[in-house]
Amino acid sequence: MNDCYVLFYSQARFSYVRMKYLFFSWLAVFVGSWIIYVQYSTYTELCRGKDCKKIIMYLGIWDNLPGVVKCQMEQALHLDFGTELEPRKEIVLFDKPTRGTTVQKFKEMVYSLFKAKLGDQGNLSELVNLILTVADGDKDGQVSLGEAKSAWALLQLNEFLLMVILQDKEHTPKLMGFCGDLYVMESVEYTSLYGISLPWVIELFIPSGFRRSMDQLFTPSWPRKAKIAIGLLEFVEDVFHGPYGNFLMCDTSAKNLGYNDKYDLKMVDMRKIVPETNLKELIKDRHCESDLDCVYGTDCRTSCDQSTMKCTSEVIQPNLAKACQLLKDYLLRGAPSEIREELEKQLYSCIALKVTANQMEMEHSLILNNLKTLLWKKISYTNDS
């Protein structure tokens, strides 16, 4: 009897050990395959030249400084004011300017592009001269054909254009250089408004409500959050009726904002910040059944004219209202009790802003300045800010 028991125990233990071995072997193969896949896809997508069609980013070094290398040869939108009602999508190729194009002709090409994107805003000739300076990558005083082709292709991209226009602004990452379809921007220490990043496998199993609570827990101290928020308000000022018109923030989410080690806000992703003139051409006359059909990005919305079944061109919600919506929970959590009520009141007034409201620009300036003043007064004398 004892011999049978021992034999049964030995067989059961052997089966358990074998199952355990098979499980961990399968796990090792799965993890190893995933690592190989990630490494392979990274190396094959790094430099695809003109075939690079989607945004990819890498950390790198440019002139001994850390930077973020971006490849963004996505389907850029080209305005065609001919017979088509909708702008035509084309892949940006390095086919312009052609060999033999003079500098003057290239300047005229860039001027026409800016007029289509920005309208008659500001001194476009001055902006063209700035582009020629930026395009001269090797700083030899001349723009080669290769430099001109690279600059022309990259100028189709909203983020690249905005980095050039706002190159002296504090909250815009510096454009460090470009080559072909790659461009390098200043590296930002913290690449999300919230302070925690989890592997995508774990993200799949976290309910969205719990994830939002986690986001609010893993944030800097309140004075530092206030300083970051002031930075966002200042960036809204930078793109609101600047020297080259109004730019619209069409994806105002935490993942597109970051900050440095001094808690100064830095924009991480500006692909969906578009010139207002450009957006109006993109969205007007688009066929629609409801307002849901009249959206660009995630939150640039116009209304659907039911009489014509076409989208109107006027965006409903200004940048400031969207920024305040994003900052509401961020700032109210942990806010000092003595300003919480006033802060909440100002944030809700800000969120209620509409582009169509009478005296919107005056209200915009008043609300923005009041919010900045309230936050600055509270953190001016704290070590944390």
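Hi everyone, let's start with a bond: C288 is joined to C304 by a disulfide, S to S 2.1 Å, where a disulfide means a pair of cysteine sulfur atoms within 2.5 Å. The link of C288 and C304 is right-handed, with 85° about the S-S bond. It connects distant parts of the chain, 16 residues apart: C288 sits in the loop between α9 (276-283) and β11 (295-296), and C304 in strand β13 (residues 304-305). Helices here are DSSP runs of H or I with at least four residues, and strands are E runs of at least two, numbered from the N terminus.

A word on the source: this is a predicted model, where local features need pLDDT of at least 70, side-chain atom pairs count only at pLDDT 80 or more, and totals for chains, interfaces and linings use all residues. Residues are numbered from 1 along each chain as its sequence is written, and side-chain values use heavy atoms, leaving out hydrogens and water.

How many disulfides does the count come to? Four.

In another one, C250 and C300 have their sulfur atoms 2.0 Å apart. That link is left-handed, with -85° about the S-S bond. C250 is buried at a relative accessible area of 0%, and buried means under 20% relative accessible area, exposed over 50%, partly exposed in between (1.4 Å probe, protein chains only). C300 is buried too, with 0%.

C294 and C311 also form a disulfide, with sulfur atoms 2.1 Å apart. The torsion about their S-S bond is about -90°, so this disulfide is left-handed.

And C179, buried or exposed? At 54% relative accessibility, C179 counts as exposed. Thanks, everyone!
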